[in-house]
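Hi,

Here is the structure I promised to pass on. Have a look at it first, and my notes on the side chains follow below.

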Amino acid sequence: GIDLARSQFVYVLAWEAIQRAVETNGPSVAIGLASMAVLVGLPRWKPRWPEALIVVIIATTATWGFGWTDLGVAVVGGIPSGLPGLGVPELQWGDMTNLLSTALTLALVQFMNVVSLGRVFAARHGYSIDANRELVGMGTANLCGSFFQAIPSSGSFSRSAVNDQAGARTPLSNVVVAGIIALTLLFLTPLFYYLPMPTLAAIIIVAGFSLVDVDELRRLFEAKERDGVIALVTAACTLFVGIQEGILLGIGTSMVAVLYRISRPNVAELGHVPGTRLFRDLDRFDQAQRIEDILVLRVDAAFSFANAEYFKDFILESEREGRDIRAVVIDGTSINDLDTTAVDALRSVIETLDDRRIELYFTGLIGPVREVVVRSGLRDQLGAEHFHMGPHDAVVHILRKWDLDDDGDRIRKYFEKTEAAFEQSTPAAS
């Protein structure tokens, strides 16, 4: 029963409500609590009964019959009847330029709302959503609504939760709701005059609580702590900074996390698994063994301006650890993109390694990355013999080359570990 000033800041509303607690209207609290009790308890007793509709009918009838409005209980009151008329909006260039920045921000925020909301219910009911179709649907709805003087609209967390709790499972529910609203506006608006506001509040509160998924947040922290932190940051910013600001800050936090992950990719040093031709992460496979004088690396990210220097420093840091490295083999099976800045960084890496008499080899590059390597001239700079199908082929090529230079038997020892002594290796790939 307290008439609070409108605010998007939760702490402002909470503090004002605490300060004005003495103004609480007792009957309103009783109606609200009773409505919440029915909304929570009735589904457990009679799951198929429409609890929200039942509460609305009972509360409206009781308020009218017992005259609760005389006790200070707020009601919906008079609702304007009739349907909005069809008309073409007035379009003026000045209005469009003034509204453009606000409209773009609003569209972005509401689109994030719609997609987030859609994913919540998609995960809950086991289906998938297409973000592009959601965007087209939201835009079409607003475009059509503009001819009926409708305010900008999108998916609503509270209304969607109420709809879900009522048992809606398909978009047909929206058609039914639209039809009922049209009938209500035409003929039934007087029946809702005595609908108490505490009952409406109870419906939204109970539905809203169903959207707070603590188990999902726990799973985020268990699966990937970074995602859980982003979720908490977004929630906190939404509650204490503002709805639009919170969502935008959440988007910004996600982008920062993505950029940080790209700029600090997982670079794994690979070792040979005895008895096979496989190379695996030394930190994850105890049986994997380093190849003497050869550094085998795998980059688990797109190779771009954001991580090129990091990768270069990683190679040089490995060389500075005191290891006698004569060749570096990069397993490129996980590199799904390569931009021109990364090519320039690779040229710098090649020059630095050349100064230290360290050769650079690439293996397993996928088609699009291989095309960039060829068009940029990097393949011609290194030579075709520096590109191979897999780490095994590159290691065989390197060891045979070294054996020819110094009459060693490194290749024999390596093949003994693969249980295929002096076996012919696969040819180099362009």
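Predicted model: local features only at pLDDT ≥ 70, side-chain atom pairs only at ≥ 80, totals over all residues.

Residues are numbered from 1 along each chain as its sequence is written, and side-chain values use heavy atoms, with hydrogens and water left out.

Salt bridges

The count is 11 salt bridges (a side-chain nitrogen of Lys or Arg within 4 Å of a carboxyl oxygen of Asp or Glu). K401 makes one with E359, the closest N and O atoms being 2.7 Å apart. K401 lies in helix 16 (residues 391-406) and E359 in strand 5, so the pair ties together parts that are 42 residues apart in sequence. Helices (H or I, at least four residues) and strands (E, at least two) are DSSP runs, numbered from the N terminus.

D164 bridges to R124, with 3.2 Å between the closest N and O atoms. D164 sits in helix 6 (residues 157-165) and R124 in helix 4 (residues 93-125), so this pair joins parts 40 residues apart in sequence. D164 is buried at 13% relative accessibility, whereas R124 is partly exposed at 35%. There is also a network of salt bridges linking E16, R20 and E23.

D293 is found in the loop between strand 2 (279-281) and strand 3 (294-299). D293 is buried yet has no salt bridge; the nearest side chain of opposite charge, R326, is 4.4 Å away (Lys and Arg count as positive, Asp and Glu as negative; His and the chain ends are not counted). R326 itself lies over the face of W402, 4.1 Å from the ring centre (NZ of Lys or CZ of Arg within 6 Å of the ring centre and within 35 degrees of the ring normal).

Rings

There are five aromatic pairs (Phe, Tyr and Trp rings, the six-membered one for Trp, with centres within 6.5 Å; planes under 30 degrees apart are stacked, over 60 edge-to-face, the rest tilted). F66 and W68 have ring centres 5.8 Å apart and planes at 20°, so they are stacked. F362 and F387 are stacked too, at 5.6 Å and 15°, and both are buried.

Cheers

Technical notes: Buried < 20%, exposed > 50% of the residue type's maximum accessible area, 1.4 Å probe, protein only.
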